[in-house]
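Visitor: I would like to understand the labels used for parts of a protein model. Can you take me through some of them?

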2 protein chains.
Amino acid sequence: MGFSGKKMSREWDGVVTEVEDVRYFAGYSTLERQLTLLSDRIRISSYNAAILGNADNFAGRVVLDVGCGTGILSAIAARAGAKKVYAVEATDAVEFAKKLMVANNLDDVVTVYHNTVEKLELPEKVDIIVSEFMGNFLLRESVMDSVLFARDKFLKSDGAMYPSHCKMFFAPVYSERLAEDVWDTYHRNLKSWEVAAEVVFDLAGFDIKSLAGEYEDSLTTGLHSSFGVEVEPPEMLGPAVVVKEIDMLTTTFEDVKQVKKSFELKIDHCVDQKPPKLNMFAGWFSASFKGSPFAPSLVEVNCNNSPLNEDTHWGQEGFLVREPLDLTNVDKILCEIDMSRTEKNWRMYDVRVTHQTCSTDGKLGPQLSTLYTLC
Amino acid sequence: MGFSGKKMSREWDGVVTEVEDVRYFAGYSTLERQLTLLSDRIRISSYNAAILGNADNFAGRVVLDVGCGTGILSAIAARAGAKKVYAVEATDAVEFAKKLMVANNLDDVVTVYHNTVEKLELPEKVDIIVSEFMGNFLLRESVMDSVLFARDKFLKSDGAMYPSHCKMFFAPVYSERLAEDVWDTYHRNLKSWEVAAEVVFDLAGFDIKSLAGEYEDSLTTGLHSSFGVEVEPPEMLGPAVVVKEIDMLTTTFEDVKQVKKSFELKIDHCVDQKPPKLNMFAGWFSASFKGSPFAPSLVEVNCNNSPLNEDTHWGQEGFLVREPLDLTNVDKILCEIDMSRTEKNWRMYDVRVTHQTCSTDGKLGPQLSTLYTLC
């Protein structure tokens, strides 16, 4: 993760947005990161099918690609017959995008801007906004803000968003494998801390063992932060629930700044352990390409990072339940998710998950609540 | 490496220093990074011996600790009898430093500031500046600038610097082991690139294979960047040469912004390979604690990251020679090193190494030159 702003000092609040943008964009400037995106078969084929499969809607239209990266989506839009494509990218990946257009004789159709969309000026409004803006569990990285900004500034009133609709999913999981990874990291960090404390005590005579305190939080990354996982289908304990639906044409900044939803998770499957347990929740998203009310898609593409589908670079986001829940006789879990931007970094979210088991006889377990960081 | 500013966009020049500082400091805010520093036995014991071994020079004096991190050096100075210690730290590690002082009843002697030394104001001048500012090959990270700034602003005219003197060393090396690491990374990156190109071609029909161009530079990290190594003593092909000596009391910013030196590397030892070869240069530093002309150290401590000494967290910095040099009948290498700050990031250096083999009969090989980034 090139992006590690978690411990950003408060001292820097005055420049924090610009500063964090630079750190954020620097992460995506590396070829390594771009390769991860380019190697994601589901990602590439979804956009390719959504755009080329609806070439009639692109033919002769003006398109804006927000955060074009290496420029692939813009090139596809141009090939689909777009009259003009404006591609904007804040990172050095823009150099690659420019070369891609020249190499494919698309540089007359596609104009590539090295800029943030917030600072971009265009000579005209656009018919379609294409963007691959989705972070883990959809909202991580908060790039949707930039897409909504672009929509409000540049999209014609009868324009279309690609993707047009997004959903966030949440599901109950039991995975010893994934929990072990988190605990291994925790214990490795703890060990490093103990070694350091020993060295300092041996050589300088100061006892620092008891001093980590709140600062020790970084030891517990994974316990209090969500983390990227690839859940195996048998590890899912029940169907996923939609916790948020977003219509990209009408949603507002406020809609995505806070997501709060109460819901029930059905437990209809137990991983082979006695007693049956839950030790994790998993979140992911889908993005659908339905076109607009004025120009609906002929081919409707849906890109969904469910554990039941082929793996993507996004995977799912895991929220570890530190003390596994006993699911004996439990057939549902009453759940609430409450997500809001972290105070320190607007590209991250605090995610509070509150849950309570409910047995077949209606008996409720204790209400438990954990605050995670989606970072 | 929390610090990965290599691909910083030019667009951001206006805020680049402040921005890079934030990214830089964020790296040191993590407990993980601090643990690496605290676990370095040579580092801790050198400062401990230099300060406590010269407690007479610290007794009753006023001390400034520049970049105090977790505060260990300040605590040692206080224990050595300093009347007052000002400890300044720009990262969140400062919280730890504050706790350390309270836990050891040193908070009346040590005042901890959460600030950069450039913005710090003190109520008085100081007798001694203590700082662990050294980066790999001494100059990486450019923290010495802050120490020199502190010296010019806060140190009394008869004050002392701890450390007082630094040296930079350069040596000829042959290590298949270390070269293999670099090439493995290179080939792994190349493979990722090929996979991505294949996916894009298969699914979207664009041929991007030939497009990486200059952007491809990030594939060759290690080939054009120096990298941290731990050279084994038998891998050294001859004695190290001092390429720079720095007196911390008198050196200037200009002195460390550019380092240029011509020198000869003697080849007096060959690793067991036929023909004998060189495939790397290694750079490291030493820091000595001699006190000042007015208050020389009784116990003179010297911390040296030579491959011949116990490992430190710094280790050495390796500069790979892509095509190994044939050393048959070669008894010396004519060398020039020319280091200057990179244009994109003042905490990094461009390092040009020019070299030419010289045989026992005086015959010169071709003059070769490589530009590396110390990043």
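Guide: Start with a definition: helices and strands are DSSP runs, numbered from the N terminus, and a strand needs at least two E residues. In this predicted model, B:P163 lies in the loop between strand 5 (155-162) and strand 6 (165-173) of chain B.

Visitor: What makes the peptide bond from B:Y162 to B:P163 cis?

Guide: Look at omega. Omega is near 5° there, and the bond is cis. In chain A, the bond from A:Y162 to A:P163 is also cis, with omega near 5°. A:P163 sits in the loop between strand 5 and strand 6 of chain A. In general, most peptide bonds are trans.

Visitor: Why is A:S164 called buried?

Guide: Buried means under 20% relative accessible area. A:S164 has 3%, so A:S164 counts as buried. A:S164 is in the loop between strand 5 (155-162) and strand 6 (165-173) of chain A. Its contacts include A:I246, A:D247, A:F289 and A:G291.

Visitor: Does A:E141 count as buried or exposed?

Guide: The cut-off for buried is under 20%. A:E141 has 7% relative accessibility, so A:E141 counts as buried.

Visitor: Why is A:N329 called exposed?

Guide: Exposed means over 50%. A:N329 has 54% relative accessibility, so A:N329 counts as exposed. A:N329 has a positive phi of about 65° and is not a glycine.

Key. Residues are numbered from 1 along each chain as its sequence is written. Chains are lettered from A and ligands numbered from 1 in the order in which they are written. This is a predicted model: local features need pLDDT of at least 70, side-chain atom pairs count only at pLDDT 80 or more; totals for chains, interfaces and linings use all residues. Side-chain values use heavy atoms; hydrogens and water are left out. Helices (H or I, at least four residues) and strands (E, at least two) are DSSP runs, numbered from the N terminus. Buried means under 20% relative accessible area, exposed over 50%, partly exposed in between (1.4 Å probe, protein chains only). Contact means heavy atoms within 4.5 Å. Lists of a residue's contacts leave out its neighbours within four places in sequence.
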